[in-house]
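Trainee: I have this one open for the first time. Can you walk me through a few spots?

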Amino acid sequence: MFKVSKYRHTVGKVDKRELWYPDVNTSGNSSATTFIKANSKWVALNWQSNTGTVGLIPLKSFGKRKGETFLVHAHSSGVTDFEFNPFNEHQLVTASDDTTIKVWNINEAIRSGATSLSTATIVCSGHSKSIECIAFNPTANNILASCSLDKTLKIWDLSSGEEKYSWTFEQGSLTSLSWNYDGSLLVATGKDLKNRIIDPRTGESIQVGDGNQGVKPSRVIWLGNLNHFLTTGFSKMRERQLVLWSSEDLSKPIKSITLDSSTGVISPIYDQDAQLLFISGSGDSSVRVFDMNTQFTKDPAFTELSPVPSDTPSKGACALPKRALDVMEVEIDRLLKATPNNIIPITFNMSRKSKSTFADDLFPNTASTKPSLSSEQWLSGENKQPILISLNPADNQINNDLDDLELNDSEPIKKSTFFVDDNTNDNNSGSNNVTVVEQSKDEQSEQQQQQEEKRVTTSSTSSPNIVSSTPSSPINDNIQRTGIVPKVVRSSKYRHISGAAHQKSQFYTNLKINGSTSNTCIAVNSEYVAVPMVGIGGPLAVIPLGDKGRQVQVPCIEIGSQLCDYDLSQHNTSLVATGSEDSHVKVFKIPTGGIPKGTANKSNNYTTTEADFVGHNRKVISVNFHPTAENVLITSGGDMVVKLWDLNEGGAGEKLSFANVHTDMITSVDVNWTGDKILTSSKDKKMRIFDPRTNKGGLISETLTHSGSKGGKAVWLGQTGNIFTVGFNKSSEREYQLWDSRNLQSSTPLVSDKLDHLSGIITPFYDEDTGVIYLAGKGDSSIRMFEINDQEPFVHYLTQFSAGTPQVGVAKVAKKTSMDVKKCEIARFYRSTDSTIEPLSMTVPRNRQEFFQDDIYPDTRQTCIPVMTSEEWFDGCIREPEFVSMKPSDMTNLSDAPPPPKKEDKFVATQEVDNTPSRDQVTNSLLSRVSNQNASSNWEQIEKLKHNFTDYDNGDISDSEWD
């Protein structure tokens with residue numbers, strides 16, 4: 001019989017974002033060994049701060065949280081390690097570089113209504129150098145072990161804060177500790193590259209042997225009630241290793257596995273009930289799983305199961321206790337992975353045909369929150385096994401066993417806001433108070449009866465005198481920990497928008513595109529598409545839209561210097577404006593039919609300029625045509641100055657200039673829909689709004705936006721008056737923000753959210769008609785789509801278009817009247833790669849495409865005709881753009897179309913076929929069966945009858961026999 005583990009089909013997956021803990025600030029302390037810990041009530045995170053701080057989040061408060069995160073300002077230096085008391089779930093112990101260990105009672109701070117805690121209940125001082133590791137005894141109450149760089153191991157009684165034992169290891173300081181199953185022994189790894197089995201009450205090293213031989217510190221964990229432990233570390237070749245040891249013989253390892261050559265230190269996580277080992281190192285994206293069962297072997301099997309991949313590097317990870325799992329959904333384990341800005345749950349489940357009954361074969365009794373020994377008993381030399389409880393909800397031991405906080409009913413409860421969930425219902429959370437849930441015995445028995453009928457349990461079931469960490473929320477209480485979150489689908493006409501590239505025959509190929517321009521890498525109008533080319537003199541290829549396919553000879557404009565930015569006019573499609581390293585702004589006019597192509601012996605570069613302006617003191621950063629005024633050009637330079645130019649023949653030249661406003665390089669310039677205000681964003685992390693035609697310097701308002709050093713980009717959102725920005729935060733994560741331009745003084749965006757960790761600068765494109773904004777990052781292979789409206793949270797993710805190659809740049813076609821409305825095309829883009837230009841179409845699937853979809857095609861702005869002349873605009877004229885219909889003359893509006901014909905139900909009469917066999921068929925069948933069965937046995941009788949019949953026939957019978 002083939003022997004396999006019952007947990008071999010355990011499958012892990014990253015939970016949906018609704019179950020994440022976002023907006024956290026994980027510490028970057030390089031000396032910390034622990035970044036995250038959790039129990040059935042709280043999640044603790046090593047928080048980024050100037051001092052040693054731990055952030056606390058209630059386990060049930062996943063999703064967006066309102067209010068402040070509860071912070072424990074623990075130490076004057078960085079926190080190196082911290083642990084929850086296994087027998088008091090509201091007590092946290094921290095250790096630090098400042099050589100102290102502190103005990104924090106969270107319940108007292110919550111009861112007082114505070115949002116932070118800075119006064120410890122107990123301070124343990126005794127170490128002379130930084131503390132490396134702390135570990136609670138698994139059976140004795142308030143017994144804690146600690147090791148330090150001062151080469152000592154100390155045993156503390158936290159009930160009094162006294163140091164009970166102190167042992168010195170002159171060979172080298174210990175770096176990691178782990179208790180055995182009954183708390184009688186410790187296993188430790190040290191800087192002397194040795195493993196030790198230590199009796200903590202005598203200080204004797206019972207066993208000593210060579211451990212991992214790498215320079216970086218190793219970590220150790222005892223494998224539950226087995227006589228084995230596992231170390232993680234590095235080999236002499238700097239490869240990461242997992243090594244399995246027997247506590248009875250440290251002379252040689254039982255098994256060793258080499259993982260990879262990564263540099264992150266691994267902290268192992270072990271489930272002693274299921275005998276599963278989880279491996280995730282600092283900086284790792286995936287979690288590897290090993291089955292350590294001893295069901296069929298003396299030593300742990302040490303076989304690898306399916307890993308859990310992810311695209312987010314980890315700072316640290318921890319496992320929840322079994323009491324916090326959804327056992328009725330066969331949740332074997334749940335890990336919490338800490339990243340710089342999120343805590344990501346990873347759930348491990350097993351498939352079962354029926355989940356109506358408790359799987360007692362998968363969930364043995366687990367450790368409870370009741371100690372087996374008091375600290376005095378353990379110090380006197382007693383040893384006991386841990387007290388176990390059943391995970392079966394029907395036994396109801398989980399609720400009674402939880403060491404929840406008891407409060408005096410007569411003591412007033414003050415307000416606290418740190419734990420408020422974003423999903424909280426207003427009817428259930430009128431005030432953010434810590435509430436005591438009191439239940440009568442009748443109510444309890446009624447709830448237990450309902451649980452037994454449904455056979456479903458959750459880790460948040462109420463019990464007498466329990467402090468509710470979060471206000472009652474029907475949404476949260478009904479969420480099962482399986483990644484399935486009930487929610488209402490938002491209604492939107494553009495929810496099913498999809499993007500698709502045109503056929504390859506419509507591509508522009510055989511190009512050598514230069515992607516190093518500072519701003520624009522592709523531009524398009526109704527006649528031409530332009531891309532910068534690789535070459536000397538800043539060549540700019542301007543290709544007619546009709547010249548699709550392979551480009552044999554590419555006609556280019558020669559700038560004469562390194563090209564920095566350029567733009568194509570939407571009003572006069574033959575005009576091209578460029579800005580270059582030599583601070584020149586040049587205007588070219590493309591001849592009718594395009595730039596003439598040269599011959600093999602002649603250069604095909606076009607150098608004839610219509611205008612050549614010099615005004616910037618440094619290179620030109622951006623060049624933009626005014627969207628509503630004819631022949632008005634807006635430029636910005638490395639001198640941090642914005643200039644406006646008049647391109648008319650009579651008054652060509654610089655008209656306006658904004659200097660001494662920006663303090664760093666300008667990264668984007670945009671004009672509002674009426675053309676009277678200019679929006680800029682800069683590397684000085686500020687966004688500014690100008691009225692360029694006023695006499696007061698033009699600055700209307702400004703505000704700080706993204707905190708990253710790369711700077712961002714900002715665009716106006718049509719007639720709404722809002723502004724959408726994209727940039728980077730301090731952690732170099734890409735993010736977006738939504739602003740109200742009328743209230744920039746508040747310095748608070750309407751919405752702010754993170755996108756990803758990629759490094760490419762994002763360019764936003766807003767569609768005024770649909771309210772959809774498209775985000776295309778340089779170097780990305782996708783374009784993301786969001787819908788912006790007046791429904792919270794205002795910015796709604798739709799979908800993304802993905803391609804197989806990274807993009808150098810993306811340009812949006814401004815002329816909406818060129819869209820193919822018969823195919824429900826709402827936007828068109830041109831996407832450039834290193835060698836191709838690819839047209840893309842964004843469409844909305846519709847059933848009755850023979851009609852004009854007037855609900856998704858409102859009247860659109862006339863972009864190809866200017867609203868005013870340059871002279872009118874510089875004189876202060878404000879004129880709204882003209883709008884035109886996109887409806888073709890041969891189509892009928894969907895709103896005026898007749899209702900679709902009803903589909904008639906086709907009735908198909910069923911023909912009953914009589915398959916009953918006839919009488920002859922039954923008779924023949926019966927005779928055939930009888931004949932086959934009795935042929936051999938009756939053959940002799942048949943022959944005899946035949947013979948007798950022959951005798952009769954021959955007349956051998958006498959006449960007397962007939963009487």
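Trainee: Leu149: buried, exposed or partly exposed?
Mentor: Leu149 counts as partly exposed, at 29% relative accessibility. Buried means under 20% relative accessible area, exposed over 50%, and partly exposed in between, with a 1.4 Å probe and protein chains only. This is a predicted model: local features need pLDDT of at least 70 and side-chain atom pairs count only at pLDDT 80 or more, while totals for chains, interfaces and linings use all residues. Residues are numbered from 1 along each chain as its sequence is written, and side-chain values use heavy atoms, with hydrogens and water left out.

Trainee: Where does Leu149 lie?
Mentor: In the loop between β13 (143-148) and β14 (152-157). Helices (H or I, at least four residues) and strands (E, at least two) are DSSP runs, numbered from the N terminus.

Trainee: And what does Leu149 touch?
Mentor: Leaving out residues up to four places away in sequence, Leu149 touches Lys129, Ser130, Glu132, Ser173 and Lys191. Contact means heavy atoms within 4.5 Å. Ser173 is 24 residues from Leu149 in sequence, and their C-alpha atoms are 5.3 Å apart.

Trainee: New topic. How many disulfides are there?
Mentor: The count comes to zero disulfides, where a disulfide is a pair of cysteine sulfur atoms within 2.5 Å. Cys133 is in no disulfide, and the nearest cysteine sulfur, that of Cys147, is 4.7 Å away.

Trainee: Cys133 and Cys147: buried or exposed?
Mentor: Cys133 counts as buried at 8% relative accessibility. Cys147 is buried as well, with a relative accessible area of 0%.

Trainee: How much accessible surface does the protein have?
Mentor: About 44,800 Å², of which 46% belongs to carbon and sulfur atoms. Accessible areas come from the Shrake-Rupley method with a 1.4 Å probe, and for residues only the protein chains shown count as cover.

Trainee: Which residues touch the most other members in the largest nonpolar core?
Mentor: Tyr774, Ile826, Ile837 and Met842, in a core of 42 residues. A nonpolar core is a set of buried Ala, Val, Leu, Ile, Met, Phe, Trp, Tyr and Cys residues joined through side-chain atoms within 4.5 Å. Strands that each supply at least two residues of this core include β60 (772-777), β64 (825-832) and β65 (837-843). β64 gives the most, with four residues.

Trainee: Why would such residues be together?
Mentor: In soluble globular proteins, nonpolar side chains tend to be buried together.

Trainee: What does Ile826 touch?
Mentor: Not counting residues up to four places away in sequence, the contacts of Ile826 include Tyr494, Tyr774, Met842 and Tyr857. Apart from this core lies another, of 22 residues, among them Leu305, Val327, Ile332 and Ala359.

Trainee: On to sheets. In what order do the strands of the open sheet with β46 run?
Mentor: The four strands go β42-β43-β44-β46, with antiparallel pairing. Two strands pair if DSSP finds at least two bridges between them. The edge strands, β42 (563-568) and β46 (611-614), each pair on one side only.

Trainee: How many bridges link β44 and β46?
Mentor: Four, in the antiparallel sense, with β44 covering residues 584-589. Lys586 has Asp612 of β46 as its bridge partner, and His584 stands opposite Val614.

Trainee: Which residues of β46 are on the covered face?
Mentor: Ala611 and Phe613 are on the covered face, while Asp612 and Val614 are on the uncovered one.

Trainee: What is phi for Arg238?
Mentor: Arg238 has a positive phi of about 65°, although it is not a glycine. Arg238 is in the loop between β21 (228-234) and β22 (240-246), and is exposed with a relative accessible area of 68%. Ser732 also has a positive phi, near 60°. Ser732 is partly exposed, with a relative accessible area of 47%.
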